[in-house]
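I opened this model to see how its chains are built and how they pack. My notes follow in the order I looked things up.

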2 protein chains.
Amino acid sequence: MTEQPTPPTRITPRRAATRQRLLAAASAVIAERGVNGASVESICEEAGFTRGAFYSNFATKEDLLNELMSQKHDELLGRIRTILERSAQDPPAGVEMVDYLVDQVMAANPQDRESRLVESEVGLYLIRNPEHAPLLLKAMQPFRDELLRLLTVGLARAGRRLAVAPEDALNAVIAGYETGTTAMWVAAASGHGEDLDVCRRTLTIIVKAISEPA
Amino acid sequence: MTEQPTPPTRITPRRAATRQRLLAAASAVIAERGVNGASVESICEEAGFTRGAFYSNFATKEDLLNELMSQKHDELLGRIRTILERSAQDPPAGVEMVDYLVDQVMAANPQDRESRLVESEVGLYLIRNPEHAPLLLKAMQPFRDELLRLLTVGLARAGRRLAVAPEDALNAVIAGYETGTTAMWVAAASGHGEDLDVCRRTLTIIVKAISEPA
DNA sequence: TGTATTCAATACAGTAATGTATCGAACAGG
DNA sequence: CCTGTTCGATACATTACTGTATTGAATACA
């Protein structure tokens, strides 16, 4: 399904660089105009290539989309792992742990906004094309697992533990993160500065709700 | 900004019906393919018109989009008001109140899925084009107000009250609803039937989190 | 250094979408 | 009725996008 035009082509450095530039460009364009608004043409333009480069590297737009998603997930996974390690060396105590983790997640990345937009687009894509759900869900599972680990470890360090089913806890936390960041950006757009607190408060509420003192 | 081609044209019944059919078609097509995937052509086809009808009724696609959004918000508002009234006549007591309200909201509408998709699309549109945020936010305010009323009244009937800032409570509840319905549809797509419980559980967690015994 | 290969650019043909200008059937008001 | 207006259909010109086939410069290799 995700097959190069010429199956086992050796990947030269040049080719790798081109692919990477196309992927980055796709991310930017999709964030700006959505999956359907991102024509092959526009992606290539953003990357500074012609469509020749595109079709030489990807069979279809969906092909590129799959690889982009896989990259985004790896990225996210890496970020969570980093936070886990960092928080092990430098562990705040008690309820501040929640604030600490939220800050870590939020502060992680300036291009977070772009990633969020791309992921939302793909989320919608998933709801719209339910036949693809199983595949994408499986791709997300490692990320969910790692996030759950971060959550339980973080809670343990704060002297708490999960009070609801792990799956439900994950859903709630992800909900809080998404709505929180959205509220934050909207607030920023309305003239008030980017208020990280909106996101932190929403997440804190939810983390308290899904946990109890150990 | 939202001006008819010929400014103060009298609205004949025929015209009104055409507009409505175009709006409904747009909703369906946008839900299926996204804002950018919904070409004027495809909307007209879905509605059973040619583009002549479209350009006779709307200046641009964005023009139609604005009207569509305004309709969706009115719809939502009406739904919440209905639940408020119904729950006054038939009030369950205690914590079951939460389940009751969630069920009411969930059971309300078979085309809910379509509305959710359209609203998500527009939410993304809002984040992407922050300059439009103030306008859309203002349009959403009545809805948020009414939802807050439903929440406080419902909580009061359950012998509880808000424990966090109203704005934060709203954000959290909306987050729960969105993630809950998404999880539900994804579960449905993965072979398990539509599990209303996923949504109910997520929302219950959140409602408990934002409230305390009165 | 010469030859083979790789890979993006170019050229081309075909399709889809846009917006405008015009036409004519349906439907008023008299 | 019939006459003027409304409104959606049609026709047309233009532009954007797609995908393929071919070319030629850069690169790897010997």
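I began with burial in chain A. Of its 214 residues, 47% count as buried. Buried here means under 20% relative accessible area, exposed means over 50%, and partly exposed lies in between, with a 1.4 Å probe and protein chains only. Chain A exposes about 10400 Å², and carbon and sulfur atoms supply 55% of that area. These areas come from the Shrake-Rupley method with a 1.4 Å probe; for residues, only the protein chains shown count as cover.

I noted the ground rules next. This is a predicted model, in which local features need pLDDT of at least 70 and side-chain atom pairs count only at pLDDT 80 or more, while totals for chains, interfaces and linings use all residues. Residues are numbered from 1 along each chain as its sequence is written, chains are lettered from A and ligands numbered from 1 in the order written, and side-chain values use heavy atoms, without hydrogens and water.

**Chain A, overall.** I listed the secondary structure of chain A and found nine helices and two strands. Helices (H or I, at least four residues) and strands (E, at least two) are DSSP runs, numbered from the N terminus. Along the sequence the pattern reads α-α-α-α-α-α-α-β-α-α-β. I then looked at contacts, meaning heavy atoms within 4.5 Å. Among contacts in chain A between residues at least 6 apart in sequence, 70% join residues at least 24 apart.

I looked up A:Leu151, which sits in helix 7 (residues 133–157) of chain A. A:Leu151 counts as buried because its relative accessibility is 11%. Beyond its neighbours within four places in sequence, A:Leu151 touches A:Leu162, A:Ala169, A:Val173 and A:Ile210. A:Val173 is 22 residues from A:Leu151 along the chain, and their C-alpha atoms are 9.2 Å apart. Next came A:Ser115, in helix 6 (residues 112–128) of chain A. A:Ser115 is buried, at a relative accessible area of 3%. With neighbours within four places set aside, A:Ser115 contacts A:Lys72 and A:Glu75.

**Helices 7 and 8 of chain B.** At what angle do the axes of helix 7 and helix 8 of chain B cross? The axes of helix 7 (residues 133–157) and helix 8 (residues 166–189) come within 10 Å and cross at roughly 90°. So helix 7 of chain B is roughly perpendicular to helix 8 of chain B. I then read the contact residues. From helix 7 of chain B come B:Arg144, B:Leu147, B:Leu148 and B:Leu151; their partners in helix 8 of chain B include B:Pro166, B:Glu167 and B:Ala169.

**Helix 2 of chain B.** Which residues are buried in helix 2 (residues 40–47) of chain B? I found B:Val40, B:Ser42, B:Ile43, B:Cys44 and B:Ala47. The buried residues of this helix pack against helix 1 (13–33), helix 3 (51–57) and helix 4 (61–89) of chain B. B:Gly48 follows helix 2 of chain B, with a positive phi near 80°.

**B:Asp103.** I found B:Asp103 in helix 5 (residues 96–107) of chain B. At 30% relative accessibility, B:Asp103 counts as partly exposed. Leaving aside neighbours within four places in sequence, B:Asp103 contacts B:Leu196 and B:Arg200.

**The two copies.** Last, I checked how the interface residues compare. 100% of the interface residues of chain B are also interface residues in chain A, so the copies meet through the same surface.

Note on methods:
Axes fitted to C-alpha atoms, helices over the stretch in contact; angles between N-to-C directions. Parallel < 35°, antiparallel > 145°, perpendicular 65-115°, else oblique.
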